[in-house]
Amino acid sequence: MPHENATYPATIPEATAPEWVACSGCGATTYGKRWLRNFKCCLECGRHDTLTAMERLRFLLDPGSIEPLRFTITPADPLGFSDSKPYGRRLSDARTRTGLPEAVVGAAGEIDGGPVVVACMDFRFLGGSLGSVVGEVITRIGDVALARRTPLLLVTTSGGARMQEGALSLMQMAKTSAMLARLDEAGLLTISLITDPTFGGVAASFATLCDVTIAEPRARLGFAGRRVIEQTIKETLPSNFQTAEFLLERGFVDLITPRDALRAELAKLLRSGRSGRPRGPEPVRLRAHRSDPHEIDGFVVRDPARLPDEDPHGMVRRARRIERPTTLDYAALLLDEFRELAGDRVSGDCPAIVGGLGRLHGRPVMLIGHQKGHDPAELARRNYGMPLPAGYRKAARLMRLAAKLRVPVVTLIDTPGAYPGRQAEEQGQATAIAENLKLMAQLPVPMIAVVTGEGGSGGALALAVANRVLMWQDAVYSVISPEGCAAILWQDPAAAGRAAAALKLRSRDLLEHGVVDGVLLEPSGGVDADPVEAARRLGLAISAFLDDLDGLGDAKLRADRHARFSRYGSEFVTSADEYTPEWEAS
């Protein structure tokens, strides 16, 4: 067993390559320097070859910004383990072969000017396995991020926990997970970059616990390996099993990014993920973001008498027009550096709800909304904007991330309602909606909801327990569709027009009843006639209402939300004993 200590190098060496390189995927031969300039990716088939930890740091971090994090490592062989070769000898050989003290390297630096702390694993060192030293180094790198209040990037590649250290290697899974919990409490963004392969104890701990999970194309991620699973279940698994593409469809990965685009994606996330609100009961008002409050007076209506008394059923038809802008349309027009995030981390990714981080007039926001489509194919793919439980759970996940990062939540609502199908019921549709309602009531950040088209029942409310609720002039919001109401109460689908009038679902009616706080006048011909002007008005209105909420601390934001929704129905009930609701007292 080697007894000498080892220290990480003080500099990150330049990447090198042989004169010619043959792709291990397609066999194409590439000039070595060109292959290196392409980040070790084949120019013919796109295969991503393995990078060392040092090469990865060179590729990711801005030149001149790299600060290696140096630790002195004492060789660890706590069990005195030996198989065909003593564990101590294996460690010594791995050090000689890789030039590294252990299977992880740390550095602080910048990505396009954004500060970040990076822990990068190296598969060459005993398969990137997680042992006592690796767990401790990753934890200390996380502590550096915490001390500097800087986002943490974990780049993973590993076969799993290190068998030669027994149960002590399992303890590293708990240790590293606890480190990420501390960063959660501090409100620091954490990003996981999954590279091929990432398995076992690493996959079941820090690799999958970050706020955002990015994967390289075809990177494999899982707890048990493919061969073990096939031997256990006596079946042949699909060729894409456990790949990034397989996992994206099932809600476990946010995005798949080719290596040459990684820096740009990471830089975008680092900028959008910077905390938007200081912590504390009375945060400082963010005056840098403030807009002229009178700028919206011309198109935000607060007096229902200013709105025309139009045919309710005609308004329903206009709200359903397929040409109306969708959430992704507004994201493209409104937000700088919007990055859609995918998956609920439980069961899948529902395309009927989309969301992600972006910047509205310089202010970081989490945008979440229903997504329909503009043609029959997209409508079908998006399930006509009717979410499954995975969609609501994805929205909840993004709301929790917004709360952690202290950024406001903006929701855009346009749905006929939650999907009423067998699959939805088996997956807990009612519970998913209910959990969102409670979560929104408790969010410690400002929340603005806007009904942009159809506001259909609980499926709409599941994104709308906000401090302020707005709607477009031609949007509708109701407990049930006019057709459904007519079929149940009139027992005649032809009575949909009468039902629409009785339900008081127009923007004018909802403003009069206090269900919405303001109605946005649409451009001439509707929002679909001039989506650019519509987006301008929407952005100004959201910014103005967020400005009004900036000075409220966490408790007051919750109390404001509780007061808003507690007033509905309160005039019809009188208590025999006098009492003051908690929200009113606060």
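Predicted model: local features only at pLDDT ≥ 70, side-chain atom pairs only at ≥ 80, totals over all residues.
G142 is part of helix α4, which covers residues 132–148. With a relative accessible area of 0%, G142 is buried, because that value falls under 20%, the limit below which a residue is counted as buried.

Leaving aside residues up to four places away in sequence, G142 touches L152, M179 and L183. R182 stands 40 residues from G142 along the chain, and the C-alpha atoms of G142 and R182 are separated by 9.0 Å.

## The largest cavity

Rolling a probe the size of a water molecule over the atoms shows where empty space is left. In this model the count comes to three cavities of 30 Å³ or more, and the largest cavity holds about 70 Å³ of space.

The residues that line the largest cavity are V21, A22, C23, S24, A28, T30, W35, K40, C41, C42, R47 and D49. Sorted by class, this lining of the largest cavity consists of seven nonpolar, two polar and three charged residues.

## The second largest cavity

The second largest cavity contains about 40 Å³ of space, and its lining is made up of L334, L335, L360, V365, L367, V410 and I542. By class, the lining of the second largest cavity has seven nonpolar residues, with no polar and no charged ones, whereas the lining of the largest cavity includes two polar and three charged residues.

Terms used. Residues numbered from 1 in each chain as written. Heavy atoms only, no water. Helix = DSSP H or I, 4+ residues; strand = E, 2+ residues; numbered from the N terminus. Buried < 20%, exposed > 50% of the residue type's maximum accessible area, 1.4 Å probe, protein only. Contact = heavy atoms within 4.5 Å. 1 Å grid on protein atoms, 1.4 Å probe; cavity = no way out; pocket = protein on both sides within 12 Å on 5 of 7 lines; lining within 4 Å. Points joined across faces, edges and corners; volume = space filled by probe spheres on them. Nonpolar A, V, L, I, M, F, W, Y, C, P; charged D, E, K, R; others polar.
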